[in-house]
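Open the model in your viewer and keep the selection panel at hand. The stops below say what to select and what is there.

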Protein chains: 2
Amino acid sequence: MPIFKPDELRRIGREIYEQMGASPEEAEIVADLLVEANLAGHDSHGVVRIPQYVSAIKRGQIKLGTSTEVEKETAATAVVNGHWGFGHVTAKAAMQIAIEKARDCAVGIVTVHQCNHIGRLGAYPPLAVDAGMAGLMTNNGHGADRSMAPFGGLGRILPASCMAVAFPSDRAFPVALDLTAAAAAGGKMRVALARGEQVPDGWLMTADGKPTTEPGDYVHGSASLVPFGGHKGYGLGIVFDILSGAFSPAGCTRENSPVTGNALFIQAIRIDAFVPMDEFSSEVGRFIDYVKAAEKAPGFDEILIPGERSWRTRVDREANGIVVEDATWAQICDVAQDLNVKV
Amino acid sequence: MPIFKPDELRRIGREIYEQMGASPEEAEIVADLLVEANLAGHDSHGVVRIPQYVSAIKRGQIKLGTSTEVEKETAATAVVNGHWGFGHVTAKAAMQIAIEKARDCAVGIVTVHQCNHIGRLGAYPPLAVDAGMAGLMTNNGHGADRSMAPFGGLGRILPASCMAVAFPSDRAFPVALDLTAAAAAGGKMRVALARGEQVPDGWLMTADGKPTTEPGDYVHGSASLVPFGGHKGYGLGIVFDILSGAFSPAGCTRENSPVTGNALFIQAIRIDAFVPMDEFSSEVGRFIDYVKAAEKAPGFDEILIPGERSWRTRVDREANGIVVEDATWAQICDVAQDLNVKV
């Protein structure tokens with residue numbers, strides 16, 4: 001399997017999207033965020049998506065050259081319409097609006113609709129951290145993307161909605177949580193199926209409520225994802241759906257949604273409105289050290305802090321490159337060749 | 001076991017605290033919130049605590065007549081010092097500050113330190129709902145209350161931190177989530193022990209990492225609570241601790257904290273800054289109906305929405321009264337007699 005420097009993958013992504021008609025700025029944001037997902041170890045949201053977004057442009061799902069429009073706002077809040085441009089571009093612009101509002105008002109909240117899939121949610125809250133803030137984001141499937149059963153119910157009723165949060169620290173990495181309300185995201189079923197593996201107990205349920213470990217029951221069948229932690233993960237999924245769907249004009253999840261994408265709830269909070277930034281980040285650092293110093297459970301040689309594993313993967317891949325699976329690379333080469341992009 | 005009308009328990013609680021020297025306002029807020037916990041079905045945070053708070057006043061942990069001080073603020077944010085008054089009084093005042101700020105700024109965030117235990121977190125976000133807002137609250141143990149192991153670790157390292165969220169709906173009840181990062185709160189171990197029952201698998205772990213279902217291992221021993229959903233509940237616990245502890249001067253959890261109580265992160269968000277209130281509440285209502293209409297899983301005859309069970313318990317107990325266990329009632333009578341309060 002070929003290994004690439006991050007910059008090489010960024011260039012390829014950028015040139016492919018520019019050849020498709022994206023502006024240099026659009027192409028750069030999307031290519032950077034795809035490679036960012038690979039650097040963080042979330043390959044399912046990385047360059048594997050390059051050909052998929054090319055198809056989405058061709059069939060008109062992703063509309064190029066649209067602008068991110070603020071439809072309604074107060075000093076601290078905004079409702080943003082992405083006009084079905086690249087979801088990554090919309091989400092980054094919306095997070096930047098939240099950050100600007102938090103500079104003035106100590107807190108900024110932006111909700112987003114008419115937004116295509118934005119990739120890895122965890123990519124955006126760190127933009128707030130870079131500005132001396134905490135960042136938070138939730139999504140739903142813009143009313144669609146139904147894949148998870150409710151607690152006590154059967155069938156694909158809710159999306160695997162996500163929440164990502166990031167806080168500054170004075171250690172090498174920010175504390176960064178990125179979780180879905182499902183026991184595992186649907187992408188992990190596709191990976192397991194491709195590898196011919198079973199998935200762990202507790203991830204999937206058949207249409208009549210029996211547990212299954214066969215990822216094909218989900219990918220090709222009617223099995224549904226299961227909320228993590230039973231009624232608690234289900235409850236979080238309901239909260240993420242309302243934050244993302246009811247606070248934006250997109251709406252919560254429904255049967256027969258006419259569109260798919262991501263509705264978003266985005267928040268930035270300026271730390272120094274509460275405590276001095278250096279006190280906050282050193283307190284978070286102290287807390288990290290305290291938790292990591294706990295005695296290890298049998299089978300563990302380390303206690304990880306949320307965000308620590310992604311940070312380590314990034315350090316490794318920035319130094320040693322990003323491995324791209326052969327099938328993915330072949331697909332990227334096909335697209336690049338069609339568009340006269342050098343690979 | 002005796003059964004009481006809510007107003008009768010409110011009167012008893014109020015008179016006991018007034019006799020202890022609390023102001024009429026302090027006494028009323030605390031008594032109302034204790035009975036509110038019983039109405040919601042959370043008896044562990046209800047009138048069972050009346051004698052406990054009397055003791056806390058006597059030993060000076062709860063200081064009467066203190067005021068809730070805003071130490072630092074912007075138009076949208078505040079840091080509040082409770083000066084170790086009744087936690088319930090501090091938390092309600094802080095939520096009301098967040099609501100007032102959200103009236104002006106669309107969003108209000110208040111963090112709180114030097115605050116005693118506030119009881120059931122879920123009691124406060126509905127105050128925001130009554131004002132046409134969404135409400136959110138997280139807590140930690142003001143640096144203390146260590147009871148839960150980190151994922152991959154052993155021992156009592158983190159508190160069972162909580163998050164409560166509430167949203168308006170046009171149905172009979174608001175959507176209201178109130179969860180702890182632990183698989184179950186420590187109070188449930190005390191209840192199980194008192195009843196001579198085992199607790200479910202996955203709630204507790206011994207000091208050397210073995211699962212146990214014996215609540216005495218937690219109440220009298222060194223067993224620890226386990227995060228719900230493994231690394232995800234653990235990650236949420238870290239997030240709740242940072243929101244509550246690092247954004248307030250209280251600090252995150254530590255070894256040898258000199259004090260115990262609740263540090264708080266409180267947020268109110270004005271709905272109509274984003275979408276018209278009637279559209280929001282009807283969309284949430286539609287979403288409730290949609291989720292509840294799903295096919296039921298084996299063993300379930302209904303799908304419950306977060307907040308629905310508490311609402312039903314309240315309707316029942318307001319009509320039929322609140323049952324108080326004999327031992328609890330005897331303790332309340334002892335305290336009342338000492339203070340010449342009629343029971």
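In which sense do strand β8 and β9(B) pair, and over how many bridges? Select residues 204-205 of chain B, which make up β8. This strand and β9(B) pair in the antiparallel sense over 2 bridges. The model is a predicted one, so keep that in mind at each stop.

Together, 3 strands form an open sheet in the order β9-β8-β10, with antiparallel pairing.

Now select L204(B), which is found in strand β8 of chain B. Its bridge partner in β9(B) is T212(B). L204(B) counts as buried, because it has 26 C-beta neighbours inside 10 Å and 20 or more are required. To see what surrounds it, leave aside the neighbours within four places in sequence: L204(B) is in contact with V199(B), T212(B), D217(B), Y218(B), A223(B), L225(B) and V226(B).

**A helix in chain A**

Move to chain A and select residues 24-39, helix α2. The helix has 16 residues and reaches 22 Å from its first C-alpha to its last, close to the 22 Å expected at 1.5 Å a residue.

Is α2(A) largely enclosed or largely open? It is largely enclosed by the rest of the structure, because 12 of its 16 residues are buried. Colour the buried ones; among them are E26(A), I29(A), V30(A), L33(A), L34(A) and N38(A). Next show their surroundings: the buried residues of α2(A) pack against α1 (6-19), α3 (50-58), α4 (87-105), α10 (308-320) and β12 (322-323) of chain A. Just after the helix, select G41(A), which takes a positive phi of about 90 degrees.

**The domains of chain A**

Colour chain A by domain: domain 1 is 1-65 + 321-343, and domain 2 is 66-182 + 227-292. Their centres, taken over C-alpha atoms, are separated by 24 Å. Where they meet, 14 residues of domain 1 are in contact with 13 residues of domain 2. On the domain 1 side, the contact residues divide into 7 nonpolar, 4 polar and 3 charged.

**The two chains together**

Show both chains. Chain B is superposed on chain A by a rotation of 180 degrees with 0.0 Å of shift along its axis, at an RMSD of 0.0 Å. The two copies are thus related as by a two-fold rotation axis. To find that axis from chain B, select G229(B): its C-alpha is the nearest in the chain, 2.2 Å from the axis. The same surface serves both copies, since 100% of the contact residues of chain B recur in chain A.

Finish at the contact, which takes 60 residues from chain B and 60 residues from chain A. On the chain B side, select β3 (77-81), β4 (107-113), β6 (162-167), β7 (175-180), α8 (231-246) and α9 (277-292), the elements that give two or more residues. Which of these gives the largest share? The answer is α8(B), with 8 residues. By class, the side of chain B that touches chain A has 40 nonpolar, 12 polar and 8 charged residues.

Note on methods: Residues numbered from 1 in each chain as written. Chains lettered and ligands numbered in written order. Predicted model: local features only at pLDDT ≥ 70, side-chain atom pairs only at ≥ 80, totals over all residues. Pairing = 2+ DSSP bridges. Helix = DSSP H or I, 4+ residues; strand = E, 2+ residues; numbered from the N terminus. Expected span 1.5 Å × (residues − 1). Contact = placed C-beta atoms within 7 Å. Least-squares fit on C-alpha atoms with pLDDT ≥ 70 in both. Nonpolar A, V, L, I, M, F, W, Y, C, P; charged D, E, K, R; others polar. Domains from an automatic or database assignment.
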